[in-house]
2 protein chains.
Amino acid sequence: MLQIPPARIGQREDEVDTPALLIDLDAFEFNLDTMAAYLAGTGVKLRAHAKTHKSPVVAHRQIVRGAVGQCVQKVAEAEALAWGGVQNILISNEVVGTDKLARVTALARICTIALCADSPVHVQAIEAAAAEAGVKLTVLVEIDVGMNRAGIAAGSEAVALAQMIAASPHLTFGGLQSYQGRAQHLRTVAERRAASGAAVDATRLTIDMLRQQGLECAIVGGAGTGTFPIEASSGVYNEIQAGSYCFMDVDYGKNLDDFGKPVSMFRNSLFVLASVISQPRTGIAVVDAGHKAVAIDSGMPGVWQRPELTYAGASDEHGRIVIAHGAAPPVIGDKLRLVPGHCDPTVDRFDWYVGVRNGRVECLWPIAARGGFS
Amino acid sequence: MLQIPPARIGQREDEVDTPALLIDLDAFEFNLDTMAAYLAGTGVKLRAHAKTHKSPVVAHRQIVRGAVGQCVQKVAEAEALAWGGVQNILISNEVVGTDKLARVTALARICTIALCADSPVHVQAIEAAAAEAGVKLTVLVEIDVGMNRAGIAAGSEAVALAQMIAASPHLTFGGLQSYQGRAQHLRTVAERRAASGAAVDATRLTIDMLRQQGLECAIVGGAGTGTFPIEASSGVYNEIQAGSYCFMDVDYGKNLDDFGKPVSMFRNSLFVLASVISQPRTGIAVVDAGHKAVAIDSGMPGVWQRPELTYAGASDEHGRIVIAHGAAPPVIGDKLRLVPGHCDPTVDRFDWYVGVRNGRVECLWPIAARGGFS
């Protein structure tokens, strides 16, 4: 139920026990500053997605740099942020179930909170929960802009749902949730522009139709680390929901810019520190971070600044490292920084961030919203 | 840092909040009884692998049915079991690092504990830690019997390492760790017999060579849920390290018996309960269990007793369910039992087991060793 922190403040990085989730604080702050500078003066606000970092500490680092608040995917994440003093939270997802909706109404008493709907079933249930609790709740309409997951069709169906929200005595229509997740990981700029461009068009159409019915969108939210420059310059979105930009990962590192080179705006700041625990034969080493410690849903982790080492396979608690022919092998006890293939689910494996700078542990931050319960 | 339990004892299953990790207690106890009956009278003991269940409660359910103790993969798992009263623990893995080895010596004062080595580097470090703490530690030699992960070569190299252990003043040579993980998931009996048969032969050879040097193996451990009948009848192994048998999963459900049918010895007892949160268009439903809630490293989960529904894709917090043409769609709020593709890492996502029987919540058990820290 409780993980002992793998480090003490002041320790050297090479003394940290493994596996441990490291934040390189210089790179992390560089990423936060870069995003803040990018959006400054555009009129478009960052509402960073806390499904990536799951930590009020990280949320506040973003908010002091100008973020309007946070997105979350689950009620438990909203609770962890609100309990940690975050004042403006959007649950960018449908919330289903009497108990969960009651928890949302409880949060509405201590922070500004909104949630999404893509069906009249949701609107009826949220209205009932708000009436029961005697609070007002803000509801956004989630539209499907090409992701083929949740979301009502853009256009007239979305307008009808917004009208239903606006007509509900305990609800306020809050705008549109319009996220094209599939666009984030398309590798070329042209592909991302095509996918996000279609999302922008569908969103603009819906905003115009809503306006004809007298409904304004306080929030038009979407975009991720892969596409936010497109949405930010669209004139349509006013909130950017990027999450991974603060950490980056192997998968986002494969996105290419206009020149066919990896997008270099952000730096890798998140690592799983692993120890070599066996070096059983030529060409192979085994580390103590398998897929329970580093998520492999988007591919294997990289080995940071060790081009001669390839993380070639993961079992539950072991990673198999292939050593390039002729290279000096790591020895038992060596520590390697792994770059997660996918940052969000990797963070969700750990209870503690170990913040490092100049080779020393500078902070321990709890990953307050870790866990499978929503 | 703390997950609120998703259920209360006495609730109906359909009232449990989602996602939640369910144990069907009837099926679970059937599996424990089946394994105990299978091994009874063979002289081969079960040392069930707690990397699957991570819970002293489950461990004791196995021990009261005759299991000699538990295997673990990490020191943190050993701690959780020892603190929960488990008296006989084998860390079936190499343990590297001064801090971790100090924790092992601390456990040696409250339970019987052993660990593995596949290199003189390990033996030297364990001897130093035991000497420092003033305790004796039992060390097994891990041999590679075809898994190509950790493990020293069977035969003379293994014998030399065992001699080094036996000659260390604070160490006792405890036997062989000989696990062929790759054999577990081969689909036909013939393939599993070939792979495990080679492991048996290499292990027998090493035991014989050790005996010639005057070294007896108190423990010869290995095998998993896929192959244990082979090792149990080998005359070579005396401990079976099956873990998944208590829960089963989609992956083990694909193993075939001599007649080409799925092996039916054990039942599915582990489920992730999920809610339908969106039903955005014909043929598609979305549930609130994505790959943060149900591990997909060995494939997608199944949908229990709903053949018309296919879990077709997972994102972080969403599962996409494809509905067979013409079938009645699930509606928002419906709850589905998902059968995990891989039980071990799915358990590691949760803090609580929700035990159900006859449609009611009968118990809540903490998943005490959950988490990435080793």
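**Stop 1: a cysteine in a strand**

Start by selecting Cys116(A), which sits in strand E5 (residues 112-117) of chain A. Helices (H or I, at least four residues) and strands (E, at least two) are DSSP runs here, numbered from the N terminus. Before you go on, keep in mind that this is a predicted model: local features need pLDDT of at least 70, side-chain atom pairs count only at pLDDT 80 or more, and totals for chains, interfaces and linings use all residues. Residues are numbered from 1 along each chain as its sequence is written, and chains are lettered from A and ligands numbered from 1 in the order in which they are written.

Is Cys116(A) buried or exposed? With 26 other C-beta atoms within 10 Å, Cys116(A) is buried. The cut-offs: 20 or more other C-beta atoms within 10 Å of a residue's own make it buried, 12 or fewer make it exposed, and anything in between is partly exposed, with C-beta atoms placed from the backbone.

Now show what Cys116(A) touches, leaving out residues up to four places away in sequence: Ile91(A), Ser92(A), Asn93(A), Glu94(A), Val139(A), Leu140(A), Glu142(A) and Gln177(A). A contact means that the two C-beta atoms, placed from the backbone, lie within 7 Å. For a distance check, draw a line from Cys116(A) to Asp208(A): they are 92 residues apart in sequence and 20 Å apart in space, C-alpha to C-alpha.

**Stop 2: the whole of chain A**

The C-alpha trace spans about 70 × 45 × 35 Å along its principal axes. Of the 374 residues of chain A, 61% count as buried. Among its contacts between residues at least 6 apart in sequence, 67% join residues at least 24 apart.

**Stop 3: the core**

Next, pick Ile126(A), Val139(A), Ile126(B) and Val139(B): of the 252 residues in the largest nonpolar core, these touch the most other members. Such a core is a set of buried Ala, Val, Leu, Ile, Met, Phe, Trp, Tyr and Cys residues joined through C-beta atoms within 7 Å. Centre on Ile126(A) and, again skipping residues up to four places away in sequence, you'll find that it touches Leu101(A), Leu115(A), Ala117(A), Leu137(A), Val139(A) and Leu171(A).

**Stop 4: over to chain B**

Select helix H6 (residues 120-133) of chain B, which has 14 residues and reaches 20 Å from its first C-alpha to its last, close to the 20 Å expected at 1.5 Å a residue. The expected span is 1.5 Å times one less than the number of residues. Which residues of H6(B) are buried? They are His122(B), Val123(B), Ala125(B), Ile126(B), Glu127(B), Ala129(B) and Ala130(B). These buried residues pack against strand E4 (88-94), helix H5 (98-107), strand E5 (112-117), strand E6 (137-144), helix H7 (156-166) and strand E8 (171-177) of chain B. Just after H6(B), look for Gly134(B), with its positive phi of about 70°.

Then hop to Leu107(B) in helix H5 of chain B. Leu107(B) is buried, with 21 other C-beta atoms within 10 Å. Leaving aside neighbours within four places in sequence, Leu107(B) is in contact with Ala78(B), Glu79(B), Ala82(B) and Ile113(B).

**Stop 5**

Go to Thr18(A) and Pro19(A), joined by a cis peptide bond with omega about -5°. Pro19(A) is in the segment before strand E1 (20-24) of chain A. In chain B, the bond from Thr18(B) to Pro19(B) is cis too, with omega near -5°.

Asn148(A) has a positive phi of about 60° although it is not a glycine. Look for Asn148(A) in the loop between strand E6 (137-144) and strand E7 (152-153) of chain A; with 15 C-beta neighbours inside 10 Å, Asn148(A) counts as partly exposed. Ala223(A), also not a glycine, has a positive phi of about 75°, and with 29 C-beta neighbours inside 10 Å, Ala223(A) counts as buried.

**Last stop: where the chains meet**

Show both chains: 56 residues of chain A are in contact with 56 residues of chain B. The largest share of the side of chain A that touches chain B, four residues, comes from E11(A).
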